[in-house]
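Morning, everyone. Let me put it up.

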Amino acid sequence: MMRVVYQFGLPRSGLYAVAEWYLEGIGETVNQRVGGGFKDAFAPLDPQAAHFVTIEGLEIERVREARAHCAARGADAWVQLRDPYNWFASLCRGVQGGVINWRPAAPLELWKGYARHCLNNGFWLAYNRWFSDSNYRRHLAERFCFRRLSGGQPWQHVPSRGGGSSFDGERFTSHAQQMTVLKRYAAFVDDAEWRGHFDDEVVALARELFGMERPW
């Protein structure tokens with residue numbers, strides 16, 4: 001059977017970087033579809049080809065429905081999540097800079113849905129650990145049966161889709177590890193209105209899933 005993979009997550013969660021790393025690691029010819037919505041989980045696929053489909057910004061109930069369909073067709077699928085403080089900072093900066101058109105009414109409510117799902121549904125991909133932890137990348141490479149990048153090497157390319165990084169654009173296009181993606185919250189931490197978005201449940205989920213305390 002040809003490899004078929006679905007990656008679910010919220011915009012500004014490092015989806016495109018992980019997708020690039022995955023495709024390089026498997027070393028196969030793959031049809032890639034990015035920025036897809038709910039219908040893309042149900043779209044027909046050429047059974048003679050391998051596929052990698054990124055689906056962004058769905059409410060978690062639709063993710064569950066889509067993942068059930070993916071499992072029924074024998075595909076591999078995972079949810080990818082970034083910690084709420086850096087994720088929300090990147091989202092806000094991307095909106096400010098005009099590189100993100102996605103503007104949900106209650107972004108951290110969406111994040112909580114994904115976080116609860118990750119807490120209770122087995123495997124999920126933690127973007128923070130993928131970016132910073134070589135042992136975690138080695139574990140993922142083994143799980144995904146990589147032919148390349150199996151030694152835990154960091155991924156250094158910044159994808160151009162969506163303008164690159166919300167903060168740095170494509171300035172670090174070949175040196176992604178130089179970006180302070182785990183400190184993005186620092187740009188907003190003095191903004192009381194921004195801090196007010198993080199309720200006790202967000203804080204508790206961040207602690208449980210990422211080992212992070214509120215950074216203020």
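Start in strand S3, where Val 53 is the bridge partner of Tyr 6. This is a predicted model, so keep that in mind throughout.

Strand S1, residues 4–9, and strand S3, residues 50–56, pair in the parallel sense over six bridges. S1 also has a partner in strand S4: four bridges join the two, and they run parallel as well. Tyr 6 stands opposite Ala 77 in S4. Val 5 stands opposite Asp 76 in S4.

Is S1 enclosed or open? Six of the six residues of S1 are buried, so the strand is largely enclosed by the rest of the structure. Look at the two faces. On one side are Val 4, Tyr 6 and Phe 8. On the other are Val 5, Gln 7 and Gly 9. Both faces are covered.

Now S4, residues 76–81. Five of its six residues are buried, which leaves the strand mostly covered.

Next, the core. The largest nonpolar core has 72 residues. Which residues have the most contacts inside it? They are Tyr 6, Phe 8, Trp 21, Tyr 22, Leu 81, Trp 111 and Trp 130. Helix H1, residues 15–26, gives the largest share of this core, seven residues. As background, nonpolar side chains tend to be buried together in soluble globular proteins.

Take Trp 111 from that list. Leaving out residues up to four places away in sequence, Trp 111 touches Leu 10, Leu 81, Arg 82, Asp 83, Pro 84, Trp 87, Val 202, Leu 205, Ala 206 and Phe 210.

Two of those contacts, Pro 84 and Trp 87, are among the buried residues of helix H3. So on to H3, residues 84–96. First a check on its length. At 1.5 Å a residue, the 13 residues should span 18 Å; the end C-alpha atoms are 18 Å apart, which agrees.

How many residues of H3 are buried? Ten of the 13, so the helix is largely enclosed by the rest of the structure. They are Pro 84, Tyr 85, Asn 86, Trp 87, Phe 88, Ala 89, Ser 90, Leu 91, Cys 92 and Gly 94. What covers them? The cover includes helix H4 (107–120), helix H7 (192–195) and helix H8 (200–210).

Now the two ends. At the start of H3, a side-chain oxygen of Asp 83 reaches to within 3.0 Å of the backbone nitrogen of Tyr 85. Just after H3, Gly 98 takes a positive phi of about 75°.

A quick stop at H4, for Arg 116, which lies in that helix. Arg 116 touches Glu 201 and Leu 205, with residues up to four places away in sequence not counted. Arg 116 and Leu 209 are 93 residues apart in sequence, yet 9.4 Å apart in space, C-alpha to C-alpha.

Last topic: the rings. A search of the whole structure finds 24 aromatic pairs. I will show two.

In the pair of Tyr 85 and Phe 198, the ring centres are 5.1 Å apart and the planes are at 35°, so the pair is tilted. Tyr 85 lies in H3 and Phe 198 in the loop between H7 and H8, so the pair ties together parts that are 113 residues apart in sequence. Tyr 85 counts as buried, at 0% relative accessibility. Phe 198 is buried too, with a relative accessible area of 4%.

Then Phe 123 and Phe 144. Their centres are 6.2 Å apart and their planes at 85°, so this pair is edge-to-face. Phe 123 lies in the loop between H4 and S5, and Phe 144 in the loop between helix H6 (134–143) and H7, so the pair ties together parts that are 21 residues apart in sequence. Phe 123 is partly exposed, with a relative accessible area of 22%. Phe 144 is buried, at 2%.

Both rings sit in a cluster linked by ring pairs, along with Trp 21, Tyr 22, Phe 52, Trp 78, Tyr 127, Trp 130, Phe 131 and Phe 146.

Terms used. Residues are numbered from 1 along each chain as its sequence is written. This is a predicted model: local features need pLDDT of at least 70, side-chain atom pairs count only at pLDDT 80 or more; totals for chains, interfaces and linings use all residues. Side-chain values use heavy atoms; hydrogens and water are left out. Buried means under 20% relative accessible area, exposed over 50%, partly exposed in between (1.4 Å probe, protein chains only). Two strands pair if DSSP finds at least two bridges between them. A nonpolar core is a set of buried Ala, Val, Leu, Ile, Met, Phe, Trp, Tyr and Cys residues joined through side-chain atoms within 4.5 Å. Contact means heavy atoms within 4.5 Å. The expected span of a helix is 1.5 Å times one less than its number of residues. A polar contact is a pair of N or O atoms within 3.5 Å; within protein, one must be able to donate a hydrogen and the other to accept it, and residues adjacent in sequence count only if both atoms are side-chain atoms. Rings of Phe, Tyr and Trp (its six-membered ring) pair if their centres lie within 6.5 Å; planes under 30 degrees apart count as stacked, over 60 as edge-to-face and the rest as tilted.
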